[in-house]
Amino acid sequence: MTAWRSRQYDRLSTLLEYHEVMGGQKTLTSWLQRHPEDLRLLMRDALRFAPADGARPSPTPLGRASETALRAIGHSPNTEARDFLIDCCRSSRHIHLRRTAMRVLGETWGGDPAATAAILESVERGPDPELRVAALQWLTERCAHLPEVRELLYHCASADRDPAVRDHALRWMAQWWPDHPEYTALFVTDPRAADAPEPKRRAMMLQALATGGHEAEFKRQLAQENVPWIQNQMRHVERLRTAPGTAAPAVFHERLLTGLRRLLKARARAGNAD
């Protein structure tokens, strides 16, 4: 990194830290309101210092400089700053830039319809599973009252291409929207059905029912389950939900017994081989 770029990074970090600590009349918000040229300089720096195409979050000073610039831009109440963050969320060039911009946009422009629409779009079309899960989590925590968020969650829970996004959406559907007209179809886990989900998926459905408070349905469907490891896992979930104080020792004891059984079986196989 050149000396000039190093100085630029240090100046950005110092500027941000100074204004966040000082507060009062010397906040970064009022500074950027009075100096729009600095806002545009920060926008240029956020793009210039962003990691290479497709790169993971960078630990280098240049990567941190891009994040510092985006955080500083988030302090501006100017719609120009909002639109820049939205453009970064929609950019396909830098995953790191998209993730940071989405977080800053959600924190500073959370109630803005344009910002919410950009984060919705990040869930629907984002190229990075971690980014999509982060965007979905932000929406469920802050915008769950919106019909479009509810429908997006249902779509993700029922047919999303990424398992992490699908599982996250399923948990939120179980907790928040049992009145959804197609809610029941998300939690049909009968292993005897012709179109029964695979065991891992059934376990996730049962866990979502348990954590969502649907005790009667959870017990009914668990009684139909015929895979031993799912039954054991759901017993752990039930203990954690109803008696968390005694759950940890019980889980440890059962796992220890399981490990000892496997050890004995391995010894027996080794003896037979000799």
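R82 counts as buried, at 15% relative accessibility, where buried means under 20% relative accessible area, exposed over 50%, and partly exposed in between (1.4 Å probe, protein chains only). Its neighbour in a salt bridge is D83, with the closest N and O atoms 2.9 Å apart; a salt bridge is a side-chain nitrogen of Lys or Arg within 4 Å of a carboxyl oxygen of Asp or Glu. D83 counts as partly exposed, at 34% relative accessibility. The model is predicted, so local features need pLDDT of at least 70 and side-chain atom pairs count only at pLDDT 80 or more, whereas totals for chains, interfaces and linings use all residues. Residues are numbered from 1 along each chain as its sequence is written, and side-chain values use heavy atoms, with hydrogens and water left out.

The protein chain contains 14 helices and zero strands. Helices (H or I, at least four residues) and strands (E, at least two) are DSSP runs, numbered from the N terminus. Of the 274 residues in the protein chain, 44% are buried.

A search of the whole structure finds nine salt bridges. One of them joins E67 and R103, whose closest N and O atoms are 3.0 Å apart. This pair links distant parts of the chain, with E67 in helix α4 (residues 61-73) and R103 in helix α6 (residues 95-108), 36 residues apart. E67 is partly exposed, with a relative accessible area of 25%, and R103 is also partly exposed, at 34%.

A salt bridge also forms between D160 and R132, with the closest N and O atoms 2.6 Å apart. Here too the pair links distant parts of the chain: D160 lies in the loop between α9 (147-159) and α10, R132 lies in helix α8, and 28 residues separate them. D160 is buried, with a relative accessible area of 7%, and R132 counts as buried at 2% relative accessibility. Elsewhere, salt bridges that share partners join R82, D83 and D112 into one network.

Helix α8 (residues 129-142) has 14 residues, which should span 20 Å at 1.5 Å a residue; its end C-alpha atoms are 20 Å apart, in agreement. The expected span is 1.5 Å times one less than the number of residues. Besides R132, the buried residues of α8 are L131, A135, L136, W138, L139 and T140.

In helix α12 (residues 215-224), F218, Q221 and L222 are buried. Seen down the axis of α12, these buried residues fall within an arc of 105°, so they line one face of the helix; the arc is that of the directions from the helix axis to the C-beta atoms. The face turned away from the buried side of α12 carries the exposed residues A216 and A223.

L256, L257, L260 and L263 form a nonpolar patch on the surface, with about 320 Å² of accessible area together. Patches are made of residues with over 30% relative accessible area and no salt bridge, with like charges joined within 9 Å and nonpolar side chains (Val, Leu, Ile, Met, Phe, Trp, Tyr) within 5 Å. Accessible areas come from the Shrake-Rupley method with a 1.4 Å probe; for residues, only the protein chains shown count as cover. L257 lies in helix α14 (residues 244-273) and is partly exposed, with a relative accessible area of 32%.

C143 counts as buried at 4% relative accessibility, and C156 is buried at 1%. With a disulfide taken as a pair of cysteine sulfur atoms within 2.5 Å, the count comes to zero disulfides.
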